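Dear colleague,

Please find below the structure that I am handing over to you. My findings follow directly after it.

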Amino acid sequence: MSRIRTQVCIVGGGPSGLLLGQILHRAGIDTRILERRPRAHVLSRIRAGVLEGGTVDMLRRAGVGDRLAREGFVHTGTRVASRDRAFRIDFAESAGKPVTVYGQTEVTQDLYDARDASDAAPVIHGVEGVTIHGADTDVPHVTYDAGGTAHRIDCDWVVGCDGFHGVSRRTIPEAVRTEVERVYPFGWLGVLSETPPVDHELIYANSPRGFALASMRNENLSRYYVQAPVTDRAEDWPDDRFWDELRRRLPADAAETLVTGPSIEKSLAPLRSFICEPMRWGRLCLVGDAAHIVPPTGAKGLNLAVSDVHYLSEGLIAACGGEAEGMDRYSDRALARVWKAVRYSWWFTTLMHRYPDDTAFHQKMQEAEIAYLDGSPAARTVFAENYVGLPF
Ligand code: APR
Ligand code: PHB
């Protein structure tokens, strides 16, 4: 068995693990990142690309903001539509700051490139059987197999950045964990097409037929979603069916100008809200999807992972410098912001989607709330300050 020592062992080489590794390395803290999948697989994942201002600042401070600054699209508003109206919410007017559209794949690529360019240990890909030992002691260690060899990493801290299906959350004893979950009775069917976006900003549409979202990656790469039954499969939605349904749900002006084309990616994702408390147990901390999942309606997944990294990196840098109390506040600080984003994502999802047991009354309540959002500066401020991101 090979055996090495590091200060922080990070399980998971997605956005959370890579950003934490980058920040800690720049603070002079030694890390190892263990990733189950090949890099190409990690980079092939298509995920929401709306970055809050705090996320952009964190990436810039971590030294991975250059391409984002060049290629990211600053959005100062979004459109919201229902059966009888479509209007724009201006983020600058209602919340004083914009968001940036920049694919999560690009964020992850930039983080991999930064690690490659640094003298930090390369991400270890293809690991199997990662097991976290002694998290409730002061001398934790991690074991795993790679290339047919057993490995052990002794460390001061273990950070679970291994997503919803990872091993780290399950390492915390059930008696210690409190988990709450809401599984939504629908999914999102997503399509990527090499076509110009239907609008220069996003469109969130509540239609009696179900939710639809028009988004983008760049001026010739569009991302669209329609709400679909969780029992559906991507192959149940040939392109023509998808485009027809999208047109029926978007506001009329967008439906008329929509440019369609062959899908280059098509997938159906279930929607859930999930939170695990606490986000720390002894020397093990959870970050990002390992601790919480939000429906993508509010585009909070990646942004919450980044704010977790913000709180945790502050604590770890202090702890590695001899001030352990910084870690004592990590879980409470992170969860305070997580719960607010979970609420917002749940509220926006409930406002915009059709539920199987819906009645005409529920549709009318949704349309009335959307009309209120259209007509009230106060309602738009509440929407916008959550959408652009609450302060860390
Ligand atoms: N051992 C090693 N790596 C693992 C293990 C394991 N046992 N289990 C999972 N992983 C890896 C996955 O292969 C994945 O690359 O951990 C990584 C977790 O990455 P994400 O799921 O992307 O989670 P996170 O980094 O927290 O990013 C959160 O990205 O996926 C989106 O919707 C998510 O927007 C959110 C953001
Ligand atoms: C996306 O572009 O994939 C996207 C954008 C905004 C969302 C969800 C997904 O709210």
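In this predicted model, three residue pairs are in polar contact between domain 1 and domain 2, with both residues of each pair at pLDDT 80 or more. The count of salt bridges between domain 1 and domain 2, by contrast, is zero.

On the side of domain 1 that touches domain 2, two elements give two or more residues, namely β18 (263-277) and α12 (330-352). Of these, α12 gives the most, with three residues.

As to the division itself, domain 1 comprises 2-74 + 102-181 + 272-348, and domain 2 comprises 184-271 + 356-375. Their C-alpha centres are 31 Å apart. Contact between them involves 15 residues of domain 1 and 13 residues of domain 2. Together the two domains bury about 1200 Å², and carbon and sulfur atoms account for 68% of that area. Of the area that domain 1 buries against domain 2, 39% comes from Ile46, Phe73 and Arg272, which is more than any other three residues supply.

A separate point concerns Asp308, a residue of helix α10 (residues 301-320). Asp308 is buried but forms no salt bridge. The nearest side chain of opposite charge belongs to Arg337, at 7.1 Å, whereas a salt bridge would require a nitrogen–oxygen distance within 4 Å. Beyond its neighbours within four places in sequence, Asp308 is in contact with Met279, Val287, Gly288, His292, Tyr330, Ala334 and Val338.

Yours sincerely

Conventions. Residues are numbered from 1 along each chain as its sequence is written. Chains are lettered from A and ligands numbered from 1 in the order in which they are written. This is a predicted model: local features need pLDDT of at least 70, side-chain atom pairs count only at pLDDT 80 or more; totals for chains, interfaces and linings use all residues. Side-chain values use heavy atoms; hydrogens and water are left out. Helices (H or I, at least four residues) and strands (E, at least two) are DSSP runs, numbered from the N terminus. Buried means under 20% relative accessible area, exposed over 50%, partly exposed in between (1.4 Å probe, protein chains only). Lys and Arg count as positive and Asp and Glu as negative; His and the chain ends are not counted. Contact means heavy atoms within 4.5 Å. Domain bounds come from an automatic or database domain assignment. Buried area is the accessible area (1.4 Å probe) that two parts lose on being put together, summed over both. A polar contact is a pair of N or O atoms within 3.5 Å; within protein, one must be able to donate a hydrogen and the other to accept it, and residues adjacent in sequence count only if both atoms are side-chain atoms.
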